[in-house]
Amino acid sequence: MLPRIPLELHDKVIGALHGDSDTLKSCSLVCKTWFPIARSLLFYRVHVEGEDLLHFHSFMDTNPNHRQRGREFRASGLADGRLLARVLSSLNDLESLEFFRFEMNPLDVKEDWESDPLLTI
């Protein structure tokens with residue numbers, strides 16, 4: 001029988017893959033032990049382009065446990081200011097926010113913040 005590898009070493013090996021999305025996706029499917037660490041690293045840095053914001057918002061609504069995992073959020077392209085405000089307010093542990101080649105109507109966001117007290121960033 002082969003000796004078992006301590007779970008701490010599993011975490012170290014998978015942690016070294018930070019930034020390699022394809023490999024982390026594969027790791028998340030290997031076994032139940034690898035799933036949490038691989039999934040948290042996959043959602044650590046999120047980059048959403050334009051219309052993908054709607055898909056990301058829908059995903060976050062149906063998977064609320066991922067809201068604590070997003071630490072870095074980057075948005076680019078054209079986006080709806082109201083939707084962006086809702087996405088940002090749902091990312092509970094956000095540490096970094098970056099807009100790159102990004103366009104939106106800032107008045108849309110201002111109107112939402114004034115009418116919806118739950119939208120606070």
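Predicted model: local features only at pLDDT ≥ 70, side-chain atom pairs only at ≥ 80, totals over all residues.

Residues are numbered from 1 along each chain as its sequence is written, and side-chain values use heavy atoms, with hydrogens and water left out.

**Exercise 1. Describe how H1 packs against H3.**

Step 1: get the geometry. H1 (residues 7-15) and H3 (residues 35-42) pack at about 25 degrees, with axes 10 Å apart. Axes here are lines fitted to C-alpha atoms, for helices over the stretch in contact, and angles run from 0 to 180 degrees between N-to-C directions.

Step 2: classify the angle. Angles under 35 degrees count as roughly parallel, over 145 as roughly antiparallel, 65 to 115 as roughly perpendicular and the rest as oblique. H1 and H3 are therefore roughly parallel to each other.

Step 3: list who touches whom. Asp11, Ile14 and Gly15 of H1 meet Ile37, Ala38 and Leu41 of H3, where contact means heavy atoms within 4.5 Å.

Step 4: sort by class. The H1 contact with H3 has 4 nonpolar, 1 polar and 1 charged residues. Ala, Val, Leu, Ile, Met, Phe, Trp, Tyr, Cys and Pro count as nonpolar, Asp, Glu, Lys and Arg as charged, and the others, Gly among them, as polar.

**Exercise 2. Find what His10 is in contact with beyond its neighbours within four places in sequence.**

Step 1: His10 sits in helix H1.

Step 2: leave aside those sequence neighbours, and His10 is in contact with Ile5 and Trp34.

Step 3: zoom in on Ile5. Its backbone oxygen lies 3.3 Å from a polar atom of the His10 side chain.

**Exercise 3. Is His57 buried or exposed?**

Step 1: locate His57, which belongs to helix H4 (residues 52-62).

Step 2: check the area. His57 has a relative accessible area of 16%, so this residue is buried (buried means under 20%, exposed over 50%, partly exposed in between, with a 1.4 Å probe and protein chains only).

Step 3: look at the partners. Neighbours within four places aside, His57 is in contact with Leu83, Arg86 and Val87.

Step 4: turn to H5 (residues 81-90). This helix is mostly covered, with 7 of its 10 residues buried, including Leu83 and Val87.

Technical notes:
Helix = DSSP H or I, 4+ residues; strand = E, 2+ residues; numbered from the N terminus. Polar contact = N/O pair within 3.5 Å; in protein donor to acceptor, adjacent residues only side chain to side chain.
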